[in-house]
Amino acid sequence: MAPRDGVRCWVCGRTVEEVRASVGSTATEMTEVDRNMAKVVDARAKFVQEATVWWDTVPDQFKNMDFNFVMGNPTQFKSIRFIDEVQDARKTHVEALGEAAYLGRKGKEFSIGEFKVDAGDAKRRDVVTRELDEFERKTGRVLERRRSGGDDKEVGDATRPRSFDGFKLGEGLRYLREAGTLYYYVQQKLLELDKEEEKRKAPTYEIGMAKIKGIPKAVPLCTVCENLIKGL
Ligand SMILES: [Zn+2]
């Protein structure tokens, strides 16, 4: 039975509003999830900025050349200073997404950046694979995958081009920016799930009727006092 409004805890004498106000400070503290979210948002902004610089600084006459050809001949295209950076981003972002898509669709454990999704975690896996499916559908391309040996059998539509195949340099840079943004976006989606769970697990502060040892009748007791007494 819930006590009526304005009732005070039998032990500390506070109303439920006063109890909540007293613990409120801890509820606004930055958690690990919040810190990770801030990091991901920051990294995403930096990446977009970087990708914009690539696009803006590549000489126009090169934009129509074959992406893979230019990337494969960095000494030839010395005037493009960011080939290494683009190759790195391709590996860490696009190939990482491809690997996640591959493992996720097979129901195996995978990682996106620093975040691991367990094989048994269907909820997170679905959130990620849905975004990757959507991206592949939108671009009409299959995400590139790191070939780390082992089971190399491909899943997904083999008739579609793979990631950068056939792209002109300009198109490839645009694709890289979109895939890179997605790489951070799915991390944000995972962190949003973590945040929801964190909120659900956070203790709620109430005043309820409870029996205390040695007191014959149930008394109103706040969550804080209840936990204290339980700990005695
Ligand atoms: Zn109390």
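Student: In which helix is threonine 52 found?

Tutor: This is a predicted model. Threonine 52 sits in helix H2, residues 32-57.

Student: Is threonine 52 buried or exposed?

Tutor: Count C-beta neighbours. Threonine 52 has 12 inside 10 Å, so the residue counts as exposed. The cut-off for exposed is 12 or fewer.

Student: What separation do the C-alpha atoms of threonine 52 and arginine 174 have?

Tutor: They are separated by 8.9 Å. Along the chain, the two residues are 122 residues apart.

Student: On to helix H4. What should its 23 residues span?

Tutor: Take 1.5 Å a residue. Helix H4, residues 83-105, should then span 33 Å. The end C-alpha atoms are 31 Å apart, which agrees.

Student: Where does H4 bend?

Tutor: At arginine 90, by about 30°.

Student: Which glycine follows H4, and what is its phi?

Tutor: Glycine 107 follows H4. Its phi is positive, near 75°.

Student: Which residues make the contact between H4 and H5?

Tutor: H4 contributes Leu97, Ala100, Ala101, Gly104 and Arg105. From H5 come Arg125, Val128, Thr129 and Leu132. The crossing of H4 past H5 is left-handed.

Student: At what angle do the axes of H5 and H6 cross?

Tutor: Roughly 160°, with the axes coming within 10 Å. That makes H5 roughly antiparallel to H6. The cut-off for that label is over 145 degrees.

Student: Is the crossing of H5 and H6 left-handed or right-handed?

Tutor: The H5 and H6 crossing is right-handed.

Student: Which residues of H5 and H6 meet?

Tutor: On the H5 side, Lys123, Arg124, Val127, Val128, Glu131, Phe135 and Thr139. On the H6 side, Tyr175, Leu182, Tyr185, Val186, Lys189, Leu190 and Leu193. Val128 of H5 is listed here and also in the contact with H4.

Student: Where is serine 163 placed?

Tutor: Serine 163 lies in the loop between helix H5 (122-139) and helix H6 (169-201).

Student: Why does serine 163 count as buried?

Tutor: Because serine 163 has 24 C-beta neighbours inside 10 Å. The cut-off for buried is 20 or more.

Methods
Residues are numbered from 1 along each chain as its sequence is written. This is a predicted model: local features need pLDDT of at least 70, side-chain atom pairs count only at pLDDT 80 or more; totals for chains, interfaces and linings use all residues. Helices (H or I, at least four residues) and strands (E, at least two) are DSSP runs, numbered from the N terminus. The expected span of a helix is 1.5 Å times one less than its number of residues. The bend at a residue is the angle between axes fitted to the seven residues ending there and the seven starting there. Axes are lines fitted to C-alpha atoms, for helices over the stretch in contact, and angles run from 0 to 180 degrees between N-to-C directions. Angles under 35 degrees count as roughly parallel, over 145 as roughly antiparallel, 65 to 115 as roughly perpendicular and the rest as oblique. A crossing is left-handed if the near helix is turned anticlockwise from the far one by less than a right angle, and right-handed if clockwise. Two residues are in contact if their C-beta atoms, placed from the backbone, lie within 7 Å.
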